[in-house]
Amino acid sequence: MLGWLCLTFGIAFGSALLPLISIEIFVIGLVTQQPGISWWWIGLVVALGQVLGKMLYFLAARGSLHLPAFLKRKEKQAKPLSPWRQKWKTRMEWVRLRCQRHPHWMFGTHAVSSVVGLPPFMFTTVLAGLAGMSSWLFISTGMVGRFARFSVLAASPAAVAGWWLH
C-alpha cells in the first residue's frame, strides 16, 4: 500500500506541474485496481502532492521564487502590441489590481477552484500569488479543497457499485 501511495503522491505532484497529466484518471484507475487502499488516504496524498506542486507556481507568481534563466522569456525588442493583445493585457492588469485590492475575493475563488476545478486551479494558483495571498491561507485552502475533491473521486467507484448492486 505504501508503494502505491508514494506513486500517487508523485503523479499528483507531477500533474500539478504539468497539467497534461490527469490525476483524476490515475485516481479512478487506482481505486478500481487497488480497492484495499482507503479513499481517505488517497484524498490526503493527492491533496498534499497537488498543493506542494502548485506552491512552485504560487511562489513564482508572488516573486518569492526566482526562476532559472532558461525558464524566463528572452528580452525582445519592444514592438507595438496588436489590438487583441493590448486588450488582454489591459484585462489581466485590471484583474490583478482588483485581486490586490480585495484579497478576500481571492480566498473564495481559490477555495471553489480547489474543489470544483472552475476556474482552473492552475489559474487561481498564479492569481493568488500575484494578489499576495498569504502562504498559510493558500496551503490550507488548497489542502481542504483538494482533499474534498479527490476523496469524493476516490470513493465514487465503490459508492456507485454499492448503489448499482442494491
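These legends walk through several close-up views of the structure. The model is predicted, so local features are described at pLDDT of at least 70 and side-chain atom pairs at pLDDT 80 or more, while totals for chains, interfaces and linings use all residues. Residues are numbered from 1 along each chain as its sequence is written, and side-chain values use heavy atoms, with hydrogens and water left out.

View 1. An unreviewed UniProt entry gives the annotation "transmembrane region" to residues 12-32, 39-60, 121-140 and 147-165. These positions follow the numbering used here, the feature name is shortened, and such annotations may be inferred rather than shown by experiment. Take residues 39-60: the span is 100% helix and 0% strand, with 32 Å between its end C-alpha atoms. Residues 12-32 come out at 76% helix and 0% strand, and there the end C-alpha atoms are 17 Å apart. Helices here are DSSP runs (H or I, at least four residues) and strands are runs of E (at least two), numbered from the N terminus.

View 2. Domain 1 is 1-62 and domain 2 is 133-165, with bounds from an automatic or database domain assignment. Their centres, taken over C-alpha atoms, are 11 Å apart. Contact (heavy atoms within 4.5 Å) links 21 residues of domain 1 with 17 residues of domain 2. Together the domains bury about 1,600 Å², and 81% of that is on carbon and sulfur atoms. Trp39, Val51 and Phe58 supply 30% of what domain 1 buries against domain 2, more than any other three residues. Buried area is the accessible area (1.4 Å probe) that two parts lose on being put together, summed over both.

**View 3. The salt bridge Glu24–Arg149.** Between the two domains the count is 1 salt bridge. Glu24 pairs with Arg149, and their closest N and O atoms are 2.9 Å apart; the term means a side-chain nitrogen of Lys or Arg within 4 Å of a carboxyl oxygen of Asp or Glu. On the side of domain 1 that touches domain 2, helix H2 (23-33) and helix H3 (39-62) each supply at least two residues. The largest share, 15 residues, comes from H3.

View 4. His110 sits in helix H5 (residues 103-116). It counts as buried because its relative accessibility is 0%; buried means under 20% relative accessible area, exposed over 50%, and partly exposed in between (1.4 Å probe, protein chains only). Leaving out residues up to four places away in sequence, His110 touches Phe121, Thr124, Thr125, Met133, Phe138, Thr141 and Gly142. With Thr124 there is also a side-chain polar contact of 3.4 Å. That term means a pair of N or O atoms within 3.5 Å; within protein, one must be able to donate a hydrogen and the other to accept it, and residues adjacent in sequence count only if both atoms are side-chain atoms.

**View 5. Helix H6, tucked in.** H6 (residues 121-131) has 8 of its 11 residues buried, so it is largely enclosed by the rest of the structure. Among the buried ones are Phe121, Met122, Thr124 and Leu127.

**View 6. Ser15 in helix H1.** Ser15 belongs to H1 (residues 2-17) and, at 7% relative accessibility, counts as buried. Its side chain reaches the backbone oxygen of Ala12 at 2.9 Å. Beyond four places in sequence, Ser15 touches Ile21, Ile23, Gln50 and Lys54.
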